[in-house]
Amino acid sequence: MSISRNILLKMSESSYLKERIPKIKFVQKALKKFMPGETEDAAIVESKKLVEFGINTVYTRLGENINHLSEANEVRDHYLQLIDKIKKENIDVEISLKLTQLGFDISVDETYNKFKSIVEKAKRQLNNIVFIDMEGSAYTQKTIDFYKRIKSEFENVGLCLQSYLYRTEKDFDELLKISPVIRLVKGAYKEPADVAFSAKKSVDENYFLLAKKMISSTKEKDARIIYGTHDEKLIQKIIEESSKIGLPKDKLEFQMLYGIKTELQKKLAAEGFKIRVLISYGASWYPWYLRRLAERPANVWFVLKNVAG
């Protein structure tokens, strides 16, 4: 792991910095490059702009590791109201959230009941997917078990898997038994060497290894697999591999973050690939933002250049 990435991940875990850095005006200005605002209304405005390019969206309100179930109730109610807004605006938006936002550290059963109410309403009003974001490796097995449980009741649930974990290939093989909806990402948390690949090259190689298996699953079992990456070389390899086995373009789906590689997003949509942009919002953005920078430390210089300009 590079020194700069390590520093950024350490910073993301600091409660001292979490309290102070978001108040700095320079940081607030830099954040706007990757997040349209702190409210769902700002996200909705951007969704309507992206639809013009054939791009749909995914929303997540930032936050994690709450301390009280009363906070979880507020998060649940927010997402239930968000579904109403999405329905009213008649836009194609899916939802993605972290289980620790709903009290996963406190009570799995309470979390399940709250998540279930969101999934039920999303199915009834929008007929679309609610994704579970994968968090640090300490949560991986617990999250997969949760996903299997909710998937036994509802089809409209998806799960994020991370290519930097050694275990992910085995996890995917096991999940295939329940016809999962999977979003594959590289991974953004600081993990020990016995759990995850640390070298970028190894993470990328494992991502493509997993992608090839997932492409075959899409062709053979009509599985919905989403490739969450901004890596243009990886994207091109995934497109080429899909073409080799005759997978139609509209069966290949990519997701990217708001504000990153926007021209590539438009290009892929114009070429007939499915593309969704993940729009994050909310006041609890600090750890998320630092992890985004750590995924590619060169983003720090991108931010500095754009803010200066």
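**A barrel and one of its helices**

Author: Happy to. Strand β1 (residues 56-61) pairs in the parallel sense with strand β8 (residues 274-281) over six bridges. One of the residues involved is Val58, whose bridge partner in β8 is Leu278. Please keep in mind that this is a predicted model.

That pairing belongs to a bigger arrangement. Eight strands close into a barrel, in the order β1-β2-β3-β4-β5-β6-β7-β8, with parallel pairing. On average, neighbouring strands of this sheet are turned by 25° against each other, direction ignored.

Let us go to β4 for a moment. Strands β3 and β4 run parallel and are joined by three bridges, and Phe131 has Gly158 as its bridge partner in β4. Six of the six residues of β4 are buried. Both faces of the strand are covered: Val157, Leu159 and Leu161 are buried on one side, and Gly158, Cys160 and Gln162 are buried on the other.

Helix α8 (residues 168-175) lies across β4 (157-162), β5 (181-185) and β6, and runs at about 160° to β4. Helix α4 (residues 40-51) lies across β1, β2 (93-98) and β8, running at about 160° to β8.

Now for the helix I would like to look at closely, α10. At the start of α10, a side-chain oxygen of Asp231 comes to within 3.1 Å of the backbone nitrogen of Lys233. Just after α10, Gly246 takes a positive phi of about 75°.

Which residues of α10 are buried? They are Leu234, Ile235, Ile238, Ile239, Glu241 and Ser242. Viewed down the axis of α10, these buried residues fall within an arc of 165°, so they line one face of the helix. The general rule behind such a pattern is that an α-helix has 3.6 residues a turn, so residues three or four places apart point the same way. The face of α10 turned away from the buried side carries the exposed residues Lys233, Ser243 and Lys244.

Helix α11 deserves a visit of its own, and Gln265 is a residue located in it. Gln265 has a relative accessible area of 2%, so it counts as buried, the limit being under 20%. Leaving aside residues up to four places away in sequence, Gln265 touches Ile55, Met256, Leu257, Ile260, Ile275 and Val277.

Finally, two loop residues have backbone angles worth a look. Asn90 sits in the loop between α5 (69-89) and β2; its phi is near 55°, a positive value in a residue other than glycine. With a relative accessible area of 70%, Asn90 is exposed. Asn127 is found in the loop between α6 (108-126) and β3 (130-133), and has a positive phi of about 55° although it is not a glycine. At 55% relative accessibility, Asn127 counts as exposed because the limit is over 50%.

Technical notes
Residues are numbered from 1 along each chain as its sequence is written. This is a predicted model: local features need pLDDT of at least 70, side-chain atom pairs count only at pLDDT 80 or more; totals for chains, interfaces and linings use all residues. Side-chain values use heavy atoms; hydrogens and water are left out. Buried means under 20% relative accessible area, exposed over 50%, partly exposed in between (1.4 Å probe, protein chains only). Helices (H or I, at least four residues) and strands (E, at least two) are DSSP runs, numbered from the N terminus. The arc is that of the directions from the helix axis to the C-beta atoms. A polar contact is a pair of N or O atoms within 3.5 Å; within protein, one must be able to donate a hydrogen and the other to accept it, and residues adjacent in sequence count only if both atoms are side-chain atoms. Two strands pair if DSSP finds at least two bridges between them. Axes are lines fitted to C-alpha atoms, for helices over the stretch in contact, and angles run from 0 to 180 degrees between N-to-C directions. Contact means heavy atoms within 4.5 Å.
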